[in-house]
Amino acid sequence: MDTQTKILIADDHQLFNDGMKMMLSPEDNVQVVGQVFSGKDVPDAVNRLRPDVLLLDINMPHTNGLDVAAQLLKQVPALKIIVLTMYNDRKFVEDCKKMGVHGYILKNSGVDEVINAIETVCADKKYYDPKLTQTHKVNLHADDSFMKQFQLTKREIEIIGLVGQSFTNEEMADKLFLSVATVKTHRNNINLKLGINKPADLVKFAVEHGLA
Amino acid sequence: MRHPVVILLLFIVSLSGVEAQQTYRVTPAKRYVLDGFISYFEDTTTRLSIQQITRLHQQGRFKPLPSSLLNQGYTASNHWIHLRLEANTSQPVFLALDNPRINELWFYQLTENRLVRRVLTGDAQPFDSRAFPSRNWLFPIPLTATTPTDLFIMVAKRHEVLGVRVSLWGNDAFEQHDRNDYLFWGFLTGFSLLILLINTIAFVATKDRTYFWFICLILAIAFHISGQSGLGFQYLWPNSPAFNRLDPQLLSGWLIMLTQLQFMQQFIGQKAGQSRAYYAVNGFKYGLTLLLVLNVVLRIVDVFPRHHFQWTFNATLALILVSIGLAFWSIFERIRQGEKVVIFYTSTFSIQLVGYLLVFFINLAFTRGKEPLFQFDSYMLIVINLLFDLLVLTSGILFFWFQKYQRQNRLLLTALHQSEQAQSQRIIDALEIERNRMAEDLYDDVGAMLSTAIGYVSSTLRKPDVRERFPMLSEARSLLDRAVENLRTVSHNLMPKNFAQLGLAKSLAETVDKIQHSSPVQFEYVIVGQERRFDAATEVQVFRIASELINDIIKNSTATQATLQLVFNHQTLSLITEDDSPRTPVYNNLTSKVDFVQGTLAIDTSPTGVTTIIEIPYQ
């Protein structure tokens, strides 16, 4: 960067705000032009100081940080907004993405990450913290497509197999080292997942899918 | 009441050739059947003297009476009966006339046409005008062996139904009969008082109006019986013969109908909004009360001397029919619901109804001057009904009251329990708010400080020579990172952000996701069925229960794989965790959390791992 990127830090936590400024001071390519400690002062400061990048805490008290961000995105399209927050919650992340916020980083990121984020958004790219939780479910049977379809657990598949081989509840309980009550609960869940209510249908399912 | 026939002596003595009546020869015996030995004469003028009557008798103008029952129906005349008695030995006998309500009764005892004794009495005279203190008309007659005795008795009931039975008793037999009679009445009175006492105590204790109206009903029936039997006049109003003119035995019947209906309404709980019969019954009650007052006033002022009794009597019969009809209507409205109270009342009422109907028909027969089908006084049926009422209805009332009491107790306990629950709920809500605040403070404040420290450290570590000279600083940085992560987990577990909006299922998904990053355990999270929301407190508790289960798997087990299932069944939510680490799980306060949401907990440990199943009912 030829000129330094102008940064405005908006965070109500005094210690963190000062710390961030101190963290960024040694960096040559950025310059902190201002600090804001209250959400309502942000638009005004943006107008006055004209930063390139706004580091915005969306969990400031008495302010809806997202509303401020939305307002600024409309009014000052050139401004790059990086949300800086303690909260790693899916909902916040999704809301920010939807709104078109340029970056989202967790406060406990080191200065490397912050610099990285600033550089990325200045290059007109989006930067979302890699530490953010991914929206995936860890599925043990990722390769078994019909099990994924019915969401059957390993235990439940075992039980379906035994039902297919005409085991009684008591026999299954013995074999699997479970109580009869637990076996019955598993069978209820299986019925609910497969949408059946007769034991005969379960046997049929077992046979059809090669589980018996 | 018929007794075995005693040997009769036929002895025809005629003072004049025309006399056809026989003389009754008295031998020492118990009770004498006088059928065929009585003659009678109706004096329509009501002005004939005893001399004129005896003359008429000598002229043979008296007619024989086929039985010992004089039954004239409605009449305003003076009715004279004649009986001639003769004995072998001197002995006293008692002549009895069984109708306590004869208005005027004149008794003449003649021997050889000379007046020996005269008693002028009737229920229009004070009680002590009687020859013998008894509820019925009793005349002690000392017979001599030498001469026969002629008895002339005039009975009159102005414009009322006249029916009187004449009987003769041996002295000893009479005394025994009299004693037994009064013993029975004494027992009945005592028993009634006892039951009344029980009911009064119950009324005072429970303030339940059913008891009050039952007491009124019993008193009305007792009043009726005392009027009919003559005991009322003997003991209750002996010096007020004018009271007898008000026909207490009839009007007490009206009171019985009134109190019976009122009692029924209370007992089966007939209420305005739920019953159409209610209005009819109320109308009848008010109408009857007005009629009663009117009746008494008319009688006192004596507006209709000739017809008053007849109209009252007919009205009584009609009112009985109406009140029975209303009672059945009230019962049939409710019988379909099979309430025990109604069934009980129906049975007792039907049994009593048989009694009342018999009374109805007997009285009807009397008014026509006919012999009734049953040769007993109608009020005996009332007595039986009274005993029945006393025993059965009292038991019924007590039983049903007790049931009501138990039911109320249960309701109170439920209300108390709910109030306690509400109280605990408030405490828990307060704690939740506190926890929430703590979580935010903790996370925001401490988290921010830790992040600041991370910032400083990372900033310092940007310089390569610092990284070399101070390797511990990198360690410090990772430690700080872990501290923030731990803090995040703790805070999330205390009160996940946006929990209310995301709901239980999605919040748990977030939790599992977060854990995946920091734990070697492979979690599978499955949601089955249509998600149903609980109230806020319950959802948070279920979340905490799930956190507890997950926590144990992560911290205290050697599991490599685990599943967490949230199954929305028809009636319950099942929370199921399974893992492959055989152990005894260590839970912190799990049972009390499960209790709070009224759920059930089943922990199934086996050599292959642990399965925990929690069922939570929907509200």
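Is A:C96 buried or exposed? A:C96 is buried, with a relative accessible area of 0% (buried means under 20%, exposed over 50%, partly exposed in between, using a 1.4 Å probe and protein chains only). A:C122, at 26%, counts as partly exposed. As for disulfides (cysteine sulfur atoms within 2.5 Å of each other), the count over all chains is zero.

A quick word on ground rules. This is a predicted model, where local features need pLDDT of at least 70, side-chain atom pairs count only at pLDDT 80 or more, and totals for chains, interfaces and linings use all residues. Residues are numbered from 1 along each chain as its sequence is written, chains are lettered from A and ligands numbered from 1 in the order in which they are written, and side-chain values use heavy atoms, with hydrogens and water left out.

**Where the chains meet**

The contact (heavy atoms within 4.5 Å) draws on 52 residues from chain B and 49 residues from chain A. Together the two chains bury about 4,400 Å², with 55% of it on carbon and sulfur atoms; that area is the accessible area (1.4 Å probe) lost on putting the two parts together, summed over both. B:R462, B:K497 and B:E524 supply 13% of what chain B buries against chain A, more than any other three residues.

Three salt bridges cross this interface, a salt bridge being a side-chain nitrogen of Lys or Arg within 4 Å of a carboxyl oxygen of Asp or Glu. B:R462 turns up again here, in a salt bridge with A:D112 at 2.8 Å, N to O.

**Salt bridges inside chain B**

Over all chains, the salt bridge count comes to 22. Here are some from chain B:

| Pair | N to O distance | Relative accessibility |
|---|---|---|
| B:D150 and B:R84 | 3.0 Å | B:D150 8%, B:R84 5% |
| B:R135 and B:D181 | 3.0 Å | B:R135 7%, B:D181 16% |
| B:D481 and B:R477 | 3.4 Å | B:D481 23%, B:R477 17% |

B:D150 and B:R84 form a salt bridge that links distant parts of the chain, strands β11 and β6, 66 residues apart. B:R135 pairs with B:D181; B:R135 lies in the loop between β9 and β10 and B:D181 in helix α2, so the pair ties together parts that are 46 residues apart in sequence. B:D481 and B:R477 are four residues apart in helix α11, about one helical turn. In that pair, B:D481 counts as partly exposed, while B:R477 is buried.

Key. Helices (H or I, at least four residues) and strands (E, at least two) are DSSP runs, numbered from the N terminus.
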